[in-house]
Amino acid sequence: MVLEATMICIDNSEWMRNGDYSPTRFQAQADAVNLICGAKTQSNPENTVGVLTMAGKGVRVLVTPTSDLGKILACMHGLEVGGEMNLAAGIQVAQLALKHRQNKKQQQRIIVFAGSPVKYDKKVLEMIGRKLKKNSVAIDIVDFGEDDDGKPEKLEALLGSVNNNDSSHIVHVPAGPNALSDVLISTPIFTGDGEGGSGFAAAAAAAAAGGVAGFDFGVDPNLDPELALALRVSMEEERARQEAAAKKAAEEASRQEKEGEQQSSSQDATMTEHANVAASDADKKSDLMDDENALLQQALAMSMDDPATSLAMRDTDMSEAAADDQDLALALQLSVQDTGKDSTSQTDMSKLLTDQTFVSSILASVCD
């Protein structure tokens, strides 16, 4: 079994939207990539596969060489289609990724899917091929889709400059009713020169012939239970990841909504409390002002009271009380007489003191 590290270069340019390969060029390419990744990882447990895209905003490595088939298959979901394919940059980035592989004993291989026109000249591609040959990197080319502007000749020139002991291959796949993956099953790109991947190839060939119709992923678990289990686990992991991401997004939205409601209720409670405190203070101030006004009015009333009027009111009250009680009337009469006598005696004493003769006689008697 060959120990290899493989980088697969995917063409995700605008040309991949065409439907001359069922169902579209891009989907047919994705199916072929999945089968090749499965064949490589099944042929040797230590084989690694990486994937990159050659179009869009630039060359982008989706996954570095790894033996995790689930990770490889998951990177194919949600790829964007657009832009133009940059074949030279894609091959150079793939070579750099293989140079940094962990196991240096692995042989290096690049598989290129070219479904759109190649804008580089033969000389540039031949120079890239010689560099790959110098670094012991083999290349497999899948030519499909557009074939104008001498594209097949350019790819043949690239293959001729890099081929060493027939280690590199090219496959031209014309448009037709057959799927791209069905054509690649019987080629050395898929089987690895017959040295490995035979079990996977047999299962895939049976699936293409309709012998395993109805099996998940087109793989008969009786022929290759490990691959069927790996594909099933990877899909379940991807489904679980998507569900977890959706659940997390829903929880985040719910948490933000609850925080907004709590902030709103807190603000309402604060405003209500302030309003209640303000109303309480206003009530207290109103009660205090009412008390002060009552005291002020009482003071004014007391200061405005007429002593004569008050005396008359008291006399009137006493008279009315005496009319009801005979004993009280007698007591009042006696007190009035005593008051009259006291006032009379005080008047007589005043008269004596004002008499100078009487005062002089008293003083003379005291001196003798």
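Figure 1. D166 counts as exposed, at 53% relative accessibility. The cut-off for exposed is over 50%, so D166 passes. The model shown here and in the other views is predicted. D166 has a positive phi of about 60°, although D166 is not a glycine. The residue sits in the loop between α5 (151–162) and β6 (169–173).

**Figure 2. S136, another loop residue with positive phi.** The phi of S136 is positive, about 60°, and S136 is not a glycine either. Its place is the loop between α4 (122–134) and β5. With 56% relative accessibility, S136 counts as exposed.

**Figure 3. The cis peptide bond between S22 and P23.** S22 and P23 are joined by a cis peptide bond. Omega is about -10°. P23 belongs to the loop between β1 and α1. Y21, shown in the next view, lies in the loop between β1 (4–10) and α1 (25–43).

**Figure 4. The aromatic pair Y21 and F144.** The count of aromatic pairs comes to one. The ring centres of Y21 and F144 are 5.6 Å apart and the planes stand at 90°, so the pair is edge-to-face. For the centres, the cut-off is within 6.5 Å; for edge-to-face, the planes must be over 60 degrees apart. Y21 comes from the loop between β1 and α1, while F144 comes from strand β5 (residues 137–144).

Figure 5. R109 and E4 form a salt bridge, with the closest N and O atoms 2.8 Å apart. This pair links distant parts of the chain. R109 is in strand β4 (residues 107–114) and E4 is in strand β1, 105 residues apart. R109 is buried, and E4 is buried too. A network of salt bridges links E4, K40, R109 and D140. Across the model, the count of salt bridges comes to nine.

Figure 6. R255 forms a salt bridge with E252; the closest N and O atoms are 2.5 Å apart. R255 also meets E259 in a salt bridge, at 2.6 Å from N to O. Where do R255 and E252 lie relative to each other in the helix? They are three residues apart in helix α9 (residues 225–304), so about one helical turn separates them. R255 and E259 are four residues apart in helix α9, again about one turn of the helix. R255 is partly exposed, with a relative accessible area of 38%. E252 counts as partly exposed at 34% relative accessibility. E259 counts as partly exposed as well, at 34%.

**Figure 7. A surface patch of positive charge.** Four lysines are in view: K99, K104, K131 and K134. They gather in a patch of positive charge on the surface. K99 belongs to helix α3 (residues 87–99). Is K99 buried or exposed? Its relative accessible area is 56%, so K99 is exposed.

Note on methods: Residues numbered from 1 in each chain as written. Predicted model: local features only at pLDDT ≥ 70, side-chain atom pairs only at ≥ 80, totals over all residues. Heavy atoms only, no water. Phe/Tyr/Trp six-rings, centres within 6.5 Å; stacked < 30°, edge-to-face > 60°. Helix = DSSP H or I, 4+ residues; strand = E, 2+ residues; numbered from the N terminus. Patch = residues over 30% accessible without salt bridge, like charges linked within 9 Å, V, L, I, M, F, W, Y side chains within 5 Å. Areas by Shrake-Rupley, 256 points an atom, 1.4 Å probe, with all protein chains shown as cover. Salt bridge = Lys/Arg side-chain N within 4 Å of Asp/Glu carboxyl O. Lys, Arg positive; Asp, Glu negative; His and termini not counted. Charge placed at Lys NZ, Arg CZ, Asp CG, Glu CD. Buried < 20%, exposed > 50% of the residue type's maximum accessible area, 1.4 Å probe, protein only.
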